[in-house]
Amino acid sequence: MLVLVAPGQGAQTPGFLTPWLDLPGVEDRLRALSAAVDLDLVHYGTDADADEIRDTAVAQPLLVAAGLVSAAALGDVAPGAVAGHSVGEITAAVLAGVLDDTAALTLVRKRGLAMAEAAAISPTGMSALLGGDPDTTVAHLEKLGLTPANVNGAGQIVAAGTLEQLAALEADKPEGVRRVVALKVAGAFHTRHMAPAVDTLAKAAQELTPADPRITYVSNKDGQAVATGAEVLERLVGQVANPVRWDLCMETFKELGVTALLEVCPGGTLTGLAKRALPGVKTLALKTPDDLDAARELISEHANA
């Protein structure tokens, strides 16, 4: 059983879309998506520097577009389930048939702008903690006023809060935590700091007409499969101000009988977590078109007929 997953913000790197533009139709598709959201995705995916693509309002639509063009390059795929981490949930909604490309890019553009506006209210950020006991770590974060914004499993929790709180964390790590790594994001996502973005996103969601998922769609909220398009949209709205439970998503993959996990471009983060949390499951990350042949082989071995 194959699970197809999409990464979240922070996975982007300068120029990561450049090799994909050599594939027939990719540049045309990116330019059409760019026109739909008034954002030059080709420029940001090829020529922009790290600071430009760190901007939340740019990074989020760029990541969704990258996930969609790389998934399309695979051809027909019949995964047993789809999921995405944070903004990758919008990519997953397209892969599951809940939204079309244009609706997804329109939604994620509004999401990115609203979250960037919320992040500008006060200086905030996120840091990944590697190692340690989850319960001990969460209690320590709460003591410092931080939120466990991403509970990723495989010994990784991402803390979010003000820059002062994150600096205090750097100086006072929880017991057992080996490293604290600042992430390339511009705000404390999936926390109360994003509450102003929820209303904006709710209004944007009301303009969309979602279909019910054709493929099992696993939600970040609690790792549960969601049966209706309306509930997928509702969860996408609320999730911007609530923690991502990727650990529970991976537990659900186990229960579904996952044998392989394929991460769309820019892959790497979620396959890394799966290698540690899902032993015995084959993993593959789409980084460049050079990975497509191996991905198709994985699909032929593990995807549903």
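**Labels and their grounds**

Guide: P266 is located in the loop between β9 and α12. Helices (H or I, at least four residues) and strands (E, at least two) are DSSP runs numbered from the N terminus. This is a predicted model, in which local features need pLDDT of at least 70 and side-chain atom pairs count only at pLDDT 80 or more, while totals for chains, interfaces and linings use all residues. Residues are numbered from 1 along each chain as its sequence is written, and side-chain values use heavy atoms, with hydrogens and water left out.

Visitor: What is the peptide bond from C265 to P266, cis or trans?

Guide: The bond is cis, its omega being near -5°. Most peptide bonds are trans, and most residues other than glycine have a negative phi.

Visitor: What makes S86 count as buried?

Guide: Buried means under 20% relative accessible area, exposed means over 50%, and partly exposed is in between (1.4 Å probe, protein chains only). S86 has 11% relative accessibility, so this residue counts as buried. Beyond its neighbours within four places in sequence, S86 is in contact (heavy atoms within 4.5 Å) with R111, H190, N220 and V244.

Visitor: Why is T216 called partly exposed?

Guide: T216 has a relative accessible area of 29%, and is therefore partly exposed. T216 belongs to strand β7. Residues up to four places away in sequence aside, T216 touches G80, A81, V82, A225 and L256.

Visitor: How do you know that strands β2 and β7 pair?

Guide: Two strands pair if DSSP finds at least two bridges between them. Strand β2 (residues 81–84) and strand β7 (residues 216–218) have two bridges, in the parallel sense, so under that rule they pair. A81 stands opposite T216 in β7. Helix α5 (residues 88–95) packs on the sheet, where it touches β1 (2–6), β2 and β7. The direction of α5 makes about 155° with that of β2; axes are lines fitted to C-alpha atoms, for helices over the stretch in contact, and angles run from 0 to 180 degrees between N-to-C directions.

Visitor: What are the partners of β1?

Guide: β1 pairs with strand β9 (residues 260–263) in the parallel sense over four bridges, and with β2 in the parallel sense, also over four. The bridge partner of V5 in β9 is E263, while A6 stands opposite G84 in β2.

Visitor: Why is β1 said to be largely enclosed?

Guide: Five of the five residues of β1 are buried, so the rest of the structure largely encloses this strand. L2, L4 and A6 on one side and V3 and V5 on the other are all buried, which covers both faces. In a regular strand the side chains alternate between the two faces of the sheet.

Visitor: What makes the sheet open, and which strands stand at its edges?

Guide: Its six strands run in the order β8-β7-β2-β1-β9-β10, with mixed pairing, and form an open sheet. β8 (225–226) and β10 (282–285) stand at the edges, each with a single partner strand, so one side of each has no neighbour in the sheet.

Visitor: What qualifies as a nonpolar core, and how many residues are in the largest one?

Guide: A nonpolar core is a set of buried Ala, Val, Leu, Ile, Met, Phe, Trp, Tyr and Cys residues joined through side-chain atoms within 4.5 Å. The largest has 81 residues, and L99, L107, Y217 and L262 have the most contacts inside it. Helix α4 (residues 56–73) supplies the largest share, 10 residues. Apart from this core lies another, of 19 residues, including M1, A81, V244 and F253.

Visitor: Why does the radius of gyration agree with a compact globule?

Guide: The radius is taken over C-alpha atoms, and the globule rule is 2.2 Å times the number of residues to the power 0.38. For 305 residues a compact globule would have a radius near 19 Å; the protein has 18 Å, so the two agree. Buried residues make up 58% of the 305.
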